[in-house]
Amino acid sequence: MAANHTVEQHSLPPNPEKATLEGKNKYMGFWFFLGGEVVLFASLFGTYLGLRNSTAGGPGPSDLFHLDLVFIMTMLLLTSSLTSVFAIISMKRGNYKGLLAWMWVTVLLGLGFLGFEIYEFWDYTVNYELGFTTSAFSSAFYTLVGTHGAHVTFGIGWIIVLLIRYAKTGLTLTNAPKFYTATLYWHFIDVVWVFIFTVVYLMGIGG
């Protein structure tokens with residue numbers, strides 16, 4: 001296996017994710033895809049900001065949000081972004097085992113975040129009786145945060161498929177662009193969460 005790594009390090013270019021036309025096209029196409037995602041989340045943020053005070057007598061942001069829970073979720077997701085960076089650094093060094101290991105750590109941290117988000121929704125629904133149709137605020141909140149959670153779920157599934165599909169192939173010019181775009185997607189998810197943390201939770205707790 002060590003011999004294989006030596007061959008890969010010397011046979012692949014320094015940036016294998018962009019060394020082929022296919023890789024460059026994937027990279028370019030991905031930015032167009034992210035443009036559409038930005039428009040989607042901008043619409044959801046605008047809707048939430050317009051409706052966040054429309055609680056219809058039900059619980060509002062200051063009644064629901066707990067900074068300790070949200071802080072843990074934020075740390076999990078930001079740390080997962082850092083581990084995905086370590087994965088790409090390993091890839092650029094030709095360390096395929098390192099790439100796979102850091103990507104699995106990223107997946108585990110993402111699953112931890114998702115578990116806390118599910119608990120959060122369960123807590124609001126059961127203990128505060130905040131359903132999706134309770135108020136305009138609840139609809140906007142669940143739609144915005146739930147859409148982000150769906151993106152996290154998709155990202156985890158995407159990375160797991162890559163990890164299983166290419167578990168034994170080694171680093172190639174074919175799979176390098178795929179791992180690279182998956183980590184870009186993961187960074188986008190983290191950036192969106194930073195906005196959610198600020199706009200939804202901090203502004204909600206602050207009143």
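**Labels and cut-offs**

Modeller: The chain has seven helices and zero strands, where helices (H or I, at least four residues) and strands (E, at least two) are DSSP runs, numbered from the N terminus. Keep in mind that this is a predicted model: local features need pLDDT of at least 70, side-chain atom pairs count only at pLDDT 80 or more, and totals for chains, interfaces and linings use all residues. Residues are numbered from 1 along each chain as its sequence is written, and side-chain values use heavy atoms, with hydrogens and water left out.

Colleague: What pattern does the chain follow along the sequence, and what box do the C-alpha atoms fill?

Modeller: The pattern reads α-α-α-α-α-α-α. Taken along the principal axes, the box is roughly 65 × 30 × 25 Å.

Colleague: What makes His148 buried rather than exposed?

Modeller: Buried means under 20% relative accessible area, exposed over 50%, and partly exposed in between (1.4 Å probe, protein chains only). His148 has a relative accessible area of 1%, so it is buried. This residue lies in helix 6. Leaving aside neighbours within four places in sequence, His148 is in contact (heavy atoms within 4.5 Å) with Phe41, Leu77, Phe113, Glu117, Ile189, Val192, Trp193 and Ile196.

Colleague: And why is Thr147 put in its class, buried or exposed?

Modeller: Thr147 has a relative accessible area of 18%, so it counts as buried. Thr147 is also in helix 6, and beyond four places in sequence it contacts Leu40, Phe41, Leu44 and Tyr142.

Colleague: What about Glu22: why is its class what it is?

Modeller: Glu22 has a relative accessible area of 46%, and therefore it is partly exposed. Glu22 is found in helix 2. Its C-alpha atom is separated by 46 Å from that of Asp123, 101 residues apart along the chain.

Colleague: How much of the chain counts as buried?

Modeller: Of the 207 residues, 45%.

Colleague: What makes a set of residues a nonpolar core, and which members touch the most others in the largest one?

Modeller: A nonpolar core is a set of buried Ala, Val, Leu, Ile, Met, Phe, Trp, Tyr and Cys residues joined through side-chain atoms within 4.5 Å. The largest one has 56 residues, and Phe65, Phe141, Phe179, Trp193, Ile196 and Tyr201 touch the most other members. Helix 2 (21-51), helix 4 (67-92), helix 5 (96-127), helix 6 (136-165) and helix 7 (175-206) each supply at least two residues of this core. Helix 7 gives the most, with 16 residues. As for Ile196, its contacts beyond four places in sequence are Phe45, Leu144, Val145, His148 and Tyr201.

Colleague: How do you know whether helix 5 and helix 7 are roughly parallel or antiparallel?

Modeller: Two packed helices are described by the angle between their axes and the distance between the axes. Here the axes come within 13 Å and cross at roughly 30°. Axes are lines fitted to C-alpha atoms, for helices over the stretch in contact, and angles run from 0 to 180 degrees between N-to-C directions. Angles under 35 degrees count as roughly parallel, over 145 as roughly antiparallel, 65 to 115 as roughly perpendicular and the rest as oblique. Helix 5 and helix 7 are therefore roughly parallel to each other. Among the residues making the contact are Phe113 and Glu117 of helix 5 and Phe179 and Trp193 of helix 7.

Colleague: And what is the orientation of helix 5 against helix 6?

Modeller: Their axes come within 10 Å and cross at roughly 155°. So helix 5 is roughly antiparallel to helix 6. The residues of that contact divide into 17 nonpolar, seven polar and two charged; Ala, Val, Leu, Ile, Met, Phe, Trp, Tyr, Cys and Pro count as nonpolar, Asp, Glu, Lys and Arg as charged, and the others, Gly among them, as polar.

Colleague: What is the phi of Ala56, and why does Ala56 get its exposure label?

Modeller: Phi of Ala56 is near 55°, a positive value in a residue other than glycine. Most residues other than glycine have a negative phi. Ala56 lies in the loop between helix 2 and helix 3 (61-64), and with a relative accessible area of 69% it is exposed.

Colleague: Where does Glu129 lie, and what is its phi?

Modeller: Glu129 is in the loop between helix 5 and helix 6, and its phi, near 55°, is likewise positive. At 63% relative accessibility, Glu129 counts as exposed.
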